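The sequence and the model come first.

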Amino acid sequence: MDARTITAKERMAIPRQKMPAQDPVERVGNFREVNLGLTPEQAQQEALRCIQCKDPVCIAGCPVNIKIDQFIKLIAEGDFMGAVRKIKEDNVLPSICGRVCPQEDQCEKVCIIGKKHEPVAIGNLERFVGDYERTSGQKIDPKIAPPTGKKVAVVGSGPASLSCANDLAQYGHKVVVFEALHELGGVLMYGIPEFRLPKEIVREELDGLRRMGIEFRTDVVVGRTITIDELIGEEGFDAVFIGVGAGLPWFMGIPGENLVGVLAANEFLTRVNLMKAYDFLKSSDTPVFDCKGKNVAVFGGGNTAMDAVRTAKRLGAEHAYIVYRRSEKEMPARAEEIHNAKEEGIEFLLLTTPLEFVGDDKAWLTGVKCQKMELGEPDDSGRRRPVPVEGSEYILPIDMAIISIGNGSNPLIHQTTPDIEVSKRETIVVDVNTMQTSKENVYAGGDIVTGGATVILAMGAGRTAAAAINEKLGGTAKNFNEW
Amino acid sequence: MYRIVSAIFLAENIKKFEIEAPRIAKKRKAGQFVIIRIDQNGERIPLTIADSDPEKGTITIIAQGAGKSTRELNRKEAGDSIADVVGPLGTPSHIENFGTAISIGGGVGTAIAYPTAAALKEAGNYVITINGARSKDLVILEDEMKAVSDEAYITTDDGSYGFHGFVTQKLQELIDSGKKIDFVLAIGPIPMMKAVADVTRPYGIKTVVSLNPIMIDGTGMCGGCRVTVGGEIKFGCIDGPEFDAHQVDFKNLADRNRIYQHEEKEADDTFAHECNLTRQA
């Protein structure tokens with residue numbers, strides 16, 4: 001079908017294209033990516049489903065306002081490189097966002113087609129476009145404005161920092177990114193597993209940023225190796241953006257939480273993703289709890305919990321449970337991830353609350369005492385409050401417990417920079433229009449401001465901050481549409 | 001990459017390295033540590049900074065070959081490089097003029113006790129050091145400790161050098177001598193630190209220990225290094241590594257440090273086997 005001659009009826013007759021995926025039975029035995037991506041034919045078919053609204057609400061549904069209608073139109077016309085250019089005006093990391101954004105709660109949620117049919121698969125198309133560029137051998141790099149002579153330090157190298165660094169570089173500022181770990185990418189590297197976001201993709205997207213002249217320095221813990229005041233002072237930076245994420249895992253505060261075999265999702269995932277512990281004794285010297293034939297329970301219902309439980313299954317767990325105190329409807333994880341987890345044989349113990357971890361005489365975990373819950377009246381969050389069912393306690397035998405109930409804010413930066421104001425929850429307080437903190441020339445965005453949220457919200461905050469920093473530094477407004 | 005400027009064995013299996021890391025050398029304070037990674041496949045290993053030279057831009061670390069990674073580190077020589085050195089991490093030692101301060105180092109723990117002893121001396125304390133080892137060949141930093149001490153004692157378990165006995169016996173002797181002791185710092189194996197805490201507790205002497213929990217990032221992100229102090233969960237990497245010895249749950253620390261003992265042994269055996277093969281070839 002031709003994009004120019006297709007009728008409205010023909011458009012509506014095209015079914016939403018199903019992305020090919022690795023078979024569930026096969027994929028629990030490997031760490032390769034689950035979803036395999038649309039074919040060019042599928043992408044074009046899917047793009048034809050878009051009716052090109054005059055006033056596209058999907059754009060407002062996107063935290064970085066990608067010109068969704070325009071890039072989809074280019075795909076429909078078969079101009080894939082044109083689509084790459086269009087998307088990169090607003091988002092430099094399409095291969096990443098196409099994979100990990102919760103499109104069903106953003107652009108696709110408001111898609112007009114979705115009112116009667118399934119919404120246009122905007123996320124899958126974004127992913128297609130990003131991957132098309134990566135595999136085409138042609139690199140599309142944005143135009144960089146002439147050097148302004150200004151220098152900006154970006155702290156952390158996760159999604160908020162990368163999107164901020166990208167925009168700042170395009171404005172013509174010199175950007176240096178400081179990362180505490182030995183690898184760049186933040187949560188994209190240590191948190192999100194290979195089977196959901198291959199690390200090679202993150203590395204390739206980082207290479208694109210390097211080509212723009214952005215400098216990256218690993219092994220620098222801002223707040224310890226160097227302070228914010230030193231960056232602005234003797235190091236001569238004109239502004240600083242803090243995008244360090246929410247990296248301080250919460251625990252549940254129940255008895256037995258310090259038994260051997262109870263760990264935070266951050267530790268488990270970092271060992272496996274960043275330190276490659278799944279390849280222990282071969283390409284990695286870092287061990288991880290041996291899950292083979294064991295029972296592993298993950299406590300929590302978010303995307304990180306799904307990542308952890310599916311990782312445990314891939315490491316050979318006999319039973320891999322999700323223990324969540326509300327029902328599936330209240331789970332913060334993406335529907336797609338819950339679906340994938342179920343397909344892979346993850347067992348969901350819903351309306352179940354852990355009361356206490358129990359262990360043997362060597363302090364190794366042997367089980368968790370759980371209590372069944374039922375849903376009562378709605379609470380402050382609008383979700384029905386889980387209420388304990390008396391007398392429903394039982395012991396679930398487990399060998400490893402992974403706590404995945406969220407993260408607080410890391411105190412390293414504000415402890416050493418007292419004039420940066422923080423909230424009661426220790427998140428950095430900013431003016432939401434500019435992302436400026438209480439300290440002159442210091443901006444912040446992403447999870448360190450909002451608490452644990454999504455990759456794309458962090459990227460949106462990074463862009464907002466970049467625009468405000470540029471204005472502050474007297475840079476000219478760049479037309480991001482110019483390539 | 002971070003270049004090793006010098007590498008010398010202080011005792012069998014205990015090696016001292018000076019490594020180029022100018023930013024860390026400038027910043028570090030007593031009690032802080034670095035995390036190093038030997039190569040691309042390497043673990044992240046936390047090691048306390050024993051000393052630094054801001055002029056030369058170097059830091060000193062002392063490592064005992066205890067598992068695969070530390071044995072591999074101890075094969076590195078001057079001129080070699082390691083992939084990563086990050087720091088300084090952890091909260092610096094709380095240093096003030098307490099009056100009379102005793103700094104106790106057990107085994108390779110002396111490497112960690114030394115910089116704090118030096119800082120205590122500089123703050124005006126009357127510093128007594130007790131440097132304990134299993135036997136004479138394993139005594140390290142004897143001259144360095146002496147140089148920062150008003151009184152310096154060596155103890156060996158087998159009596160081959162100095163006082164015959166444990167550091168705790170020497171400590172008890174000093175307490176019994178009627179000396180007013182205001183502060184004790186003890187760094188070494190977990191049973192030693194626990195024993196020191198037990199000795200000082202009845203006298204109410206402020207006692208601090210430096211803990212060595214398992215950790216990955218060292219910045220608070222992984223939560224692996226959590227320790228129980230005063231019944232509360234604390235993170236070794238950011239709240240510590242130094243804590244009030246009388247509040248630390250040493251059993252919990254010892255238990256938690258055993259989580260990977262099976263894997264560590266496997267890695268160590270494989271490494272030893274590979275070394276033998278290399279030697280034969």
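At 22% relative accessibility, Leu350(A) counts as partly exposed, because buried means under 20% relative accessible area, exposed over 50%, and partly exposed in between (1.4 Å probe, protein chains only). This is a predicted model, in which local features need pLDDT of at least 70 and side-chain atom pairs count only at pLDDT 80 or more, while totals for chains, interfaces and linings use all residues. Residues are numbered from 1 along each chain as its sequence is written, chains are lettered from A and ligands numbered from 1 in the order in which they are written, and side-chain values use heavy atoms, with hydrogens and water left out.

Leu350(A) sits in the loop between strand 9 (347-349) and strand 10 (352-359) of chain A. Helices (H or I, at least four residues) and strands (E, at least two) are DSSP runs, numbered from the N terminus. Beyond four places in sequence, Leu350(A) is in contact (heavy atoms within 4.5 Å) with Tyr324(A), Arg326(A), Glu328(A), Met331(A) and Lys372(A).

Thr70(B) belongs to helix 2 (residues 68-73) of chain B. With 13% relative accessibility, Thr70(B) counts as buried. Residues up to four places away aside, Thr70(B) touches Ile45(B), Gln64(B) and Gly65(B). A polar atom of the Thr70(B) side chain lies 3.4 Å from the backbone oxygen of Gln64(B).

**The sheet of chain B**

Chain B has an open sheet of seven strands in the order 11-10-9-8-12-13-16, with mixed pairing. Strand 11 (163-164) and strand 16 (242-244) of chain B are at the edges with a single partner strand each, so one side of each has no neighbour in the sheet. Two strands pair if DSSP finds at least two bridges between them. Strand 13 (residues 206-210) and strand 16 of chain B run antiparallel and are joined by three bridges; Val209(B) has Phe243(B) as its bridge partner in strand 16.

Axes are lines fitted to C-alpha atoms, for helices over the stretch in contact, and angles run from 0 to 180 degrees between N-to-C directions.

| Helix of chain B | Strands of chain B touched | Angle of directions |
|---|---|---|
| Helix 3 (residues 110-122) | strand 8 (100-106), strand 9 (126-133), strand 12 (183-187), strand 13, strand 16 | about 165° with strand 8 |
| Helix 6 (residues 190-200) | strand 8, strand 12, strand 13 | about 160° with strand 12 |

**The interface**

In the interface, 49 residues of chain B are in contact with 49 residues of chain A. The two chains bury about 4,000 Å² between them, 54% of it on carbon and sulfur atoms. Buried area is the accessible area (1.4 Å probe) that two parts lose on being put together, summed over both. On the chain B side, Arg23(B), Met221(B) and Tyr260(B) lose the most area to chain A, together 18% of what that side buries.

Four salt bridges are counted between chain B and chain A, each a side-chain nitrogen of Lys or Arg within 4 Å of a carboxyl oxygen of Asp or Glu. One of them joins the side chains of Arg23(B) and Glu235(A) (3.4 Å, N to O). Strand 7 (84-89) of chain B is among the elements that give two or more residues to the side touching chain A. The largest share of that side, six residues, comes from strand 7 of chain B.

How values were computed:
A polar contact is a pair of N or O atoms within 3.5 Å; within protein, one must be able to donate a hydrogen and the other to accept it, and residues adjacent in sequence count only if both atoms are side-chain atoms.
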